[in-house]
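Open the model in your viewer and get ready to select. We will go stop by stop.

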Amino acid sequence: MSSVQIRDVRKSFGNFEVLHGVSIPIEDGEFVVLVGPSGCGKSTLLRMLAGLENITSGTISIGDRVVNNVQPKERDIAMVFQNYALYPHMTVADNMGFSLKLRGAKPEEISTGVKRAAEILALTPLLDRYPRQLSGGQRQRVAMGRAIVRDPQVFLFDEPLSNLDAKLRVAMRTEIKELHQRLKTTTVYVTHDQIEAMTMADKIVVMHDGIVEQMGTPLELYDTPANQFVAGFIGSPAMNFLKGKVKSNGVAGFEGPNGVKLPLKTAPANSEGQPAVYGVRPEHFTIADDGAEAEIVVVEPTGSETQVFAKLGGEQVVAVFRERHQFSPGDKVRLKPDPSLVHLFDETTGKRLNG
Amino acid sequence: MADVAIAPRRAKTEIREATSWDQLKHNRNWLGFWFMVPAMGFLILFLAYPLGLGIWLSFTDTKIGRVGQFIGYENYEWLWDDAIFWLSVFNTLLYTFVASAIKFGIGLYLALLLNENMPFKAMLRAAVLIPFIVPTVLSALAFWWIFDSQFSIISWSLKHLGIINQNINFLGDTTWARICVIFANIWRGVPFVAITLLAGLQTVSPSLYEAATLDGASRWQMFRHITYPLLTPIIAVVMTFSVLFTFTDFQLIWAMTRGGPVNATHLMATLSYQRAIIAGQLGEGAAIASAMIPFLLAAIMVSWFGLQRRKWQQGENND
């Protein structure tokens with residue numbers, strides 16, 4: 001186990017720079033999730049960490065050692081690929097023991113290592129099967145088993161759950177997290193699914209267009225997103241954004257689209273009339289007499305909660321209620337955001353304006 | 001959205017009971033049979049019938065211009081004591097094994113080379129195919145000149161370099177003649193092996209190599225443990241075809257040596273042609289041709305049983 005330091009790393013393919021100076025400190029034993037939309041450079045960064053891509057500039061160190069020029073096999077890392085990359089002509093046991101075999105380990109040593117990993121992942125009855133004879137979830141576990149056998153300094157996961165169906169994905173999510181709690185190996189996990197990031201990570205790194213937008217614990221990112229991108233990316237259904245102007249003279253407030261009045265706890269200093277973006281999460285709406293009038297468009301009950309799509313000042317917003325209101329399309333309701341939980345972003349830079 | 005007018009309902013036509021002809025029309029097996037008929041017709045007319053006729057001929061004493069009588073195994077008994085026939089069998093086996101083994105080696109090497117990322121990849125791949133697209137007889141004629149006893153460019157070059165002072169009698173010497181025809185066959189056969197193996201290499205997922213890199217495999221270990229095992233099914237198919245084509249080769253030999261010198265390059269196919277068509281002994285020629293069948297069957301059996309689909313290739317059953 002080791003810490004990992006990524007310092008001002010850049011990556012160019014020809015003249016095209018895909019990573020513009022990324023720095024991420026990863027502590028020993030930490031579970032870090034790199035999350036972002038496709039094309040943000042998260043997988044490239046992971047592959048650079050693994051040694052499958054060259055580092056254009058900056059340094060990556062594992063433990064105390066800078067690994068920029070260290071061969072992948074010398075880095076003591078193990079990677080789980082999106083398509084699992086199991087060797088189709090080898091049994092589960094051979095797949096898991098391959099790295100030990102290449103290292104020249106004795107047959108007994110290999111079989112002990114494989115058995116230990118198989119027990120951890122409940123793969124023992126499958127050891128003689130070929131990858132084709134396994135289900136998606138079993139293949140996923142074999143891929144993890146192959147990583148565990150090596151007992152590496154760092155685990156790398158490249159979107160490992162995206163080929164599984166929704167139910168299995170949830171189960172494997174828990175399994176990976178539990179595995180990490182048991183083995184306490186430093187883990188870097190790449191995903192585009194913010195739910196995976198939120199549920200698994202000790203630390204989330206939100207990436208976008210080759211830069212780090214924000215780094216922090218899941219709840220930090222959820223409660224105080226540093227900018228509009230992170231605010232919109234983390235959370236489902238996504239945060240509602242309403243454009244308008246800040247009112248700071250007298251009672252603080254916000255004038256939304258078509259003059260809709262929205263509450264604000266405190267306005268930033270000297271911000272009267274400043275154009276801004278008002279962000280409110282769907283679950284932070286309540287029905288109140290002093291709320292803004294909205295017309296309901298669609299009601300989607302999911303059982304545990306109800307998602308309501310409504311027009312607020314002409315803009316569509318989503319609200320989520322755990323109580324069971326009797327709404328139908330066309331109804332007029334008064335929606336009130338919780339003033340202590342709203343977010344305010346600069347209209348041009350997208351930076352967070354309130355504390 | 002709801003403004004679209006709904007068309008007024010019309011009276012539906014009465015439902016008719018399906019006749020047996022209707023059912024036949026929709027029967028997939030019946031349809032399948034008719035799709036198969038043209039291919040089946042071609043195969044029977046141009047493959048099965050000539051093969052049957054050839055085997056029948058080998059049991060008769062048919063000559064050109066004379067209808068033969070059934071003579072049983074007499075042709076085969078005759079061949080059993082014929083040293084030239086046995087020489088042709090030896091030549092054919094030698095030709096097939098040496099040429100196929102070298103074609104496999106060079107073909108695999110070329111395929112691995114062409115699978116790498118390098119400049120002008122597409123052009124190089126196309127260039128490799130050239131020997132394959134030149135008509136066999138034309139390339140054989142070219143080799144005939146290259147190996148000519150007087151005008152050989154090889155002899156000429158070596159003489160000018162001062163390495164030899166007399167022309168090499170390429171196609172007049174038994175050993176040289178064998179080397180020359182095998183060389184020509186390899187030159188012609190390598191593209192097929194190389195391109196097919198290249199296609200096989202490209203089906204291997206790059207992520208397997210990445211996984212192997214992280215597992216600590218060297219280039220050789222990757223070939224030995226990943227590439228080669230995953231390529232074996234394709235190798236089996238390619239080499240079966242290559243062996244069959246080489247074993248039955250006729251054009252190259254006939255254009256270059258006609259079986260000479262002193263029958264040193266006579267293959268079973270050329271000997272059969274010489275006896276049946278040139279000498280007019282149709283029955284005896286047919287017997288030589290039929291004698292190839294056991295060898296060909298054996299080659300197919302080897303690939304069928306020895307290189308059968310591996311367990312890992314089978315479907316998702318849990319046996």
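What follows is a tour of a predicted model, from whole chains down to single residues.

**Stop 1: chain A as a whole**

Select chain A. Its C-alpha atoms fill a box of roughly 80 × 45 × 35 Å along the principal axes. Colour it by secondary structure. Chain A has 355 residues, and 40% of them count as buried.

Now think about contacts along the chain. Take those in chain A between residues at least 6 apart in sequence. Of these, 65% join residues at least 24 apart.

**Stop 2: the domains**

Colour residues 4-225 of chain A one way and 237-346 another. These are domain 1 and domain 2 of chain A. Their centres, taken over C-alpha atoms, are separated by 39 Å.

Do likewise with chain B. Domain 1 of chain B covers 26-57, and domain 2 covers 74-308. Here the C-alpha centres lie 31 Å apart.

**Stop 3: where the chains touch**

Show both chains. How many residues does each chain bring to the contact? Chain B brings 21 residues and chain A brings 20 residues. On the chain B side, α10 (206-215) and α11 (219-247) each supply at least two residues. Which element gives the most to that side? The answer is α10(B), with 7 residues. By class, the side of chain B that touches chain A has 8 nonpolar, 8 polar and 5 charged residues.

**Stop 4: helix α10 of chain B**

Stay on this helix. Select B:Ala211, B:Ala212, B:Leu214 and B:Asp215, the buried residues of α10(B). They sit on the same side of α10(B), because they cover an arc of only 160° around the axis.

Now step past the end of the helix. B:Gly216 follows α10(B), and its phi is positive, near 95°.

**Stop 5: the largest nonpolar core**

Show nonpolar side chains. The largest nonpolar core has 148 residues. Among those with the most contacts inside it are A:Val32, A:Leu34, A:Leu156, A:Val188 and B:Val181. Helix α9 of chain B (residues 174-202) gives the most to this core, with 12 residues.

Zoom in on A:Val188. Leave aside its neighbours within four places in sequence. A:Val188 is then in contact with A:Ile26, A:Val32, A:Leu34, A:Leu46, A:Leu49, A:Val154 and A:Leu156.

**Stop 6: a spot on helix α2 of chain A**

Select A:Asp94. This residue lies in helix α2 of chain A, residues 92-102. Is A:Asp94 buried or partly exposed? A:Asp94 is partly exposed, because it has 17 other C-beta atoms within 10 Å, and a buried residue needs 20 or more. Draw a line between their C-alpha atoms.

**Stop 7: two positive phi values**

Go to A:Tyr84, in the loop between β6 and α2 of chain A. Its phi is near 75°, a positive value in a residue other than glycine. A:Tyr84 is buried, with 21 other C-beta atoms within 10 Å.

Next, pick A:Glu159. Look for the loop between β7 (154-158) and α5 (166-183) of chain A. Phi of A:Glu159 is positive too, near 40°. A:Glu159 counts as buried because it has 20 C-beta neighbours inside 10 Å.

**Stop 8: a cis peptide bond**

Move to A:Ser236 and A:Pro237. What kind of peptide bond joins them? A cis one, with omega about -5°. A:Pro237 is in the loop between α8 (228-233) and β11 (240-247) of chain A.

**Stop 9: a hairpin to finish**

Select residues 306-312 and 315-321 of chain A. These are strands β16 and β17, which pair in the antiparallel sense over 7 bridges. Find A:Thr306 and look across: A:Phe321 in β17(A) stands opposite. Then go to the turn. The hairpin has 2 residues between the strands, and A:Gly313 takes a positive phi near 60°.

Methods:
Residues numbered from 1 in each chain as written. Chains lettered and ligands numbered in written order. Predicted model: local features only at pLDDT ≥ 70, side-chain atom pairs only at ≥ 80, totals over all residues. Helix = DSSP H or I, 4+ residues; strand = E, 2+ residues; numbered from the N terminus. Buried ≥ 20, exposed ≤ 12 C-beta atoms within 10 Å, placed from the backbone. Domains from an automatic or database assignment. Contact = placed C-beta atoms within 7 Å. Nonpolar A, V, L, I, M, F, W, Y, C, P; charged D, E, K, R; others polar. Arc of directions from axis to C-beta. Core = buried A, V, L, I, M, F, W, Y, C linked by C-beta atoms within 7 Å. Pairing = 2+ DSSP bridges.
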